[in-house]
Amino acid sequence: MEILDVLTSMAKTGRLGPVFSGADWNDVTAALGEPWDIGTMRRNGKWPRLFAYGDLELSVCRCRKVSLICVQTWRDIVELPPSVVGGTGTFPAGLKHADVVSALDKSGCSLEPYPPLTFGDQCSLTAIPSGANFTFEIPEGEEPVLNVMGLPGDGHDCSARTTGQDS
């Protein structure tokens, strides 16, 4: 499987194996193993937390549900869990705008511009089926390069303290 196949599938389905917005964190770790714990996303409290499986980053809320999903593609190599993408899970990065758009178009995944993240030296597109967002950096005088692909959250709010779980 190639990285564009992985990203196209995510854009069409809103998931990568057991990972999707709203997925139970216990199910994700049972399937993928223990992630890197990047840390809390707030100064006070332990949740929400950011976890990573290589370049697959997941925000997990207090109720232990996956709330945001990003694939960082700005590095030289993109690393994803081999158990869900096959092979070594390692892919070359530097995905050009035209290649991403072509792959999504060939798969029948329609796109539209995403104005809130299109400004200055970046542009952004949203995949209609899942709401996946593709944000590209535009290096001066060069074709846009994919910086990050993200799947939207499911909109749930667990701001009420969950019984028996840390805040």
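Is Cys-61 buried or exposed? Select Cys-61 to find out: with a relative accessible area of 6%, the residue is buried. Keep in mind as you click around that this is a predicted model.

While you're there, show the sulfurs. The closest cysteine sulfur to that of Cys-61 sits in Cys-63, 3.2 Å away. A disulfide here needs the two sulfurs within 2.5 Å, so this pair is too far apart for a bond. The disulfide count for the model comes to 0. Jump to Cys-123 next: Cys-123 is in no disulfide either, and its nearest cysteine sulfur, that of Cys-109, is 16 Å off. Cys-123 is buried too, at 14% relative accessible area.

Now pick Arg-64, in the loop that runs between strand S5 (56-60) and strand S6 (66-72). Check the backbone: phi is positive, about 65°, though Arg-64 is no glycine. Most residues other than glycine have a negative phi. Arg-64 is also buried, with a relative accessible area of 18%.

Next stop, strand S3 (residues 36-40), where you'll find Ile-38. Skip the neighbours within four places in sequence, and the contacts of Ile-38 are Leu-50, Phe-51 and Ala-52. Then draw a distance from Ile-38 to Glu-57: they're 19 residues apart along the chain, with 9.1 Å between their C-alpha atoms.

Finish on the surface. Select Tyr-114, Leu-117 and Phe-119, which form a nonpolar patch with about 260 Å² of accessible area together. Tyr-114 lies in the loop between strand S9 (111-113) and strand S10 (122-127), and is partly exposed at 32% relative accessible area.

Terms used
Residues numbered from 1 in each chain as written. Predicted model: local features only at pLDDT ≥ 70, side-chain atom pairs only at ≥ 80, totals over all residues. Heavy atoms only, no water. Patch = residues over 30% accessible without salt bridge, like charges linked within 9 Å, V, L, I, M, F, W, Y side chains within 5 Å. Areas by Shrake-Rupley, 256 points an atom, 1.4 Å probe, with all protein chains shown as cover. Salt bridge = Lys/Arg side-chain N within 4 Å of Asp/Glu carboxyl O. Helix = DSSP H or I, 4+ residues; strand = E, 2+ residues; numbered from the N terminus. Buried < 20%, exposed > 50% of the residue type's maximum accessible area, 1.4 Å probe, protein only. Contact = heavy atoms within 4.5 Å.
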